[in-house]
Amino acid sequence: MAGLYVHVPFCAAKCIYCDFYSRVRQDFEPYVQAVLREIAERRDELKGVPPTTLYFGGGTPSLLPAEALARIAKALGAAFVRTRPAPTGPLFEEFTIEVNPDDVTADKAAAWRAMGAGRISMGVQSFNDDHLRWMRRRHTAADAAAAFGRLRRTGFDNLSLDLIFGFTGLTDGQWLENIDRALALQPEHISCYQMTGRYADPDEERCRRQYNRLQERLETAGIRQYEISNYARPGFESRHNSGYWARTPYLGFGPGAHSFDGNRCRSWNTPDIDAYLRTRPGGQEQLSDTEVLEEKLMLALRTVRGLDLDSLTPAERACLKQTTLEELSRVGKLIVDAGRIRIPAAELFVSDDIICRLIPASA
Ligand code: SF4
């Protein structure tokens, strides 16, 4: 299993909280040509491992003309997909496009479907118009609901919504209303991120409460948590993102995109669109034994299933301090069961602290 990721580094305007790499400009064609060049240059890098997922992220992929996205998707299929998963089926088992509500026209939605996308992840962030204005989003709550309906009518049966909690000024009541407005649309998947940086709510208790309320409400609605920030109806978990947490290989294209060989090598394109258009500078690192173990812990323990201890080498298992495992388990911060370790749902909010205690260097 392997994944393909394309970073589309354009946004109509910058939202106040966002630190993803993107620029407010619209000179799309040179970027598209550079991505096509990168695909051609890297066509042998997966060494025959068939990619099962394709993910257009950003930035705002929906800002790009649909025909430009289609050209890139087609080039990726031609370069990397040698046999289709099913003879007459789509090229990729999962093909996701991140969109913003203000871009979802009926024409674009139809074009995304026609190019083979089956999953749309829509950045809603809030259903409160005051908060949307403050965030400098370019849509209202009603726009988001209308865009969602348009996607459904186009035939998309795998839709995800993004929300943000834990920011200054967000009351518990407003947060519950956001969750209910999202649930009313009946999405298959919801991602919820805690605000970080200067707009983060300093009241840790309130943030934790909002996180726990979210877990409870979504569970009751049949949308199960499968990762710290991700919830899905059974069978609709993001396969692409699950590949990141399982450390399967992926190739990332575009400025700022990262790649991983599934073992020790991580590489990236520098997040600078002008440099990307000229020479595509980037970097590469080989992970040490300790870094590999750290990654395995940090990524697997983000998920509700946790880490299969059999996936560790004997040397890695020896590095895990039995006393720390026992102590965390005794205080209810870790479940050790049937050859797996996992963080209980009630403690996922503080998972970083728990994981840090397990990492050999900091144990
Ligand atoms: S549209 Fe998305 S990527 Fe662009 S600035 Fe806003 S949150 Fe960031």
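D289 is exposed, because its relative accessible area is 54%, and exposed means over 50%. That value, like the others here, comes from a predicted model. D289 has a charged partner. Its side chain meets that of R264 in a salt bridge, with 2.6 Å from N to O. D289 sits in helix α10 (residues 289–300), while R264 lies in the loop between β10 (258–260) and β11 (265–269), so the bridge ties together parts that are 25 residues apart in sequence. R264 has 27% relative accessibility, so this residue counts as partly exposed.

Why do such pairs form? Side chains of opposite charge can pair when their charged atoms come close. The count for this structure is 26 salt bridges.

Take E38 and R280 next. Their side chains form a salt bridge of 3.7 Å, N to O. E38 belongs to helix α1 (residues 28–41), and R280 to the loop between α9 (273–278) and β12 (282–286), so this pair links parts that are 242 residues apart in sequence. Is E38 buried or exposed? E38 counts as buried, because its relative accessibility is 1%. R280 is partly exposed, at 24% relative accessible area.

A further pair joins E347 and R208. Their closest N and O atoms are 3.7 Å apart. E347 lies in the loop between β15 and α13 (351–358), and R208 lies in helix α7 (residues 204–220), so the bridge connects parts that are 139 residues apart in sequence. E347 is buried, with a relative accessible area of 15%. R208 is partly exposed, at 21%. Return now to R264, partly exposed at 27%. Beyond such pairs there is also a network: E38, E41, R42, E45 and R280 are joined by salt bridges that share partners.

Now for the strands. What is the order of the strands in the open sheet? The order is β13-β15-β14, with antiparallel pairing among these 3 strands. β13 (307–308) and β14 (335–337) stand at the edges with a single partner strand each, so one side of each has no neighbour in the sheet. β14 pairs with β15 (residues 340–342) over 3 bridges, in the antiparallel sense. Within this pairing, I335 has R342 of β15 as its bridge partner.

Turn to the ligand. Which residues surround the ligand? They are C11, A13, K14, C15, Y17, C18, G59, T60, N100, R137 and R138. By type, this shell divides into 5 nonpolar, 3 polar and 3 charged residues. Two of its cysteines have listed accessibilities. C11 counts as buried, because its relative accessibility is 10%. C15 is also buried, at 9%. Cysteines raise the topic of disulfides. A disulfide is a covalent bond between the sulfur atoms of two cysteines. How many disulfides does the structure hold? The number is 0.

Finish with a loop. T88 is placed between α2 (66–80) and β3 (94–99). This residue counts as exposed, because its relative accessibility is 79%. Compare its position with that of G58. T88 and G58 are 30 residues apart in sequence, and their C-alpha atoms are 30 Å apart in space.

Technical notes: Residues are numbered from 1 along each chain as its sequence is written. This is a predicted model: local features need pLDDT of at least 70, side-chain atom pairs count only at pLDDT 80 or more; totals for chains, interfaces and linings use all residues. Side-chain values use heavy atoms; hydrogens and water are left out. A residue is near a molecule or strand if one of its heavy atoms lies within 4 Å of it. Ala, Val, Leu, Ile, Met, Phe, Trp, Tyr, Cys and Pro count as nonpolar, Asp, Glu, Lys and Arg as charged, and the others, Gly among them, as polar. A disulfide is a pair of cysteine sulfur atoms within 2.5 Å. Buried means under 20% relative accessible area, exposed over 50%, partly exposed in between (1.4 Å probe, protein chains only). Two strands pair if DSSP finds at least two bridges between them. Helices (H or I, at least four residues) and strands (E, at least two) are DSSP runs, numbered from the N terminus. A salt bridge is a side-chain nitrogen of Lys or Arg within 4 Å of a carboxyl oxygen of Asp or Glu.
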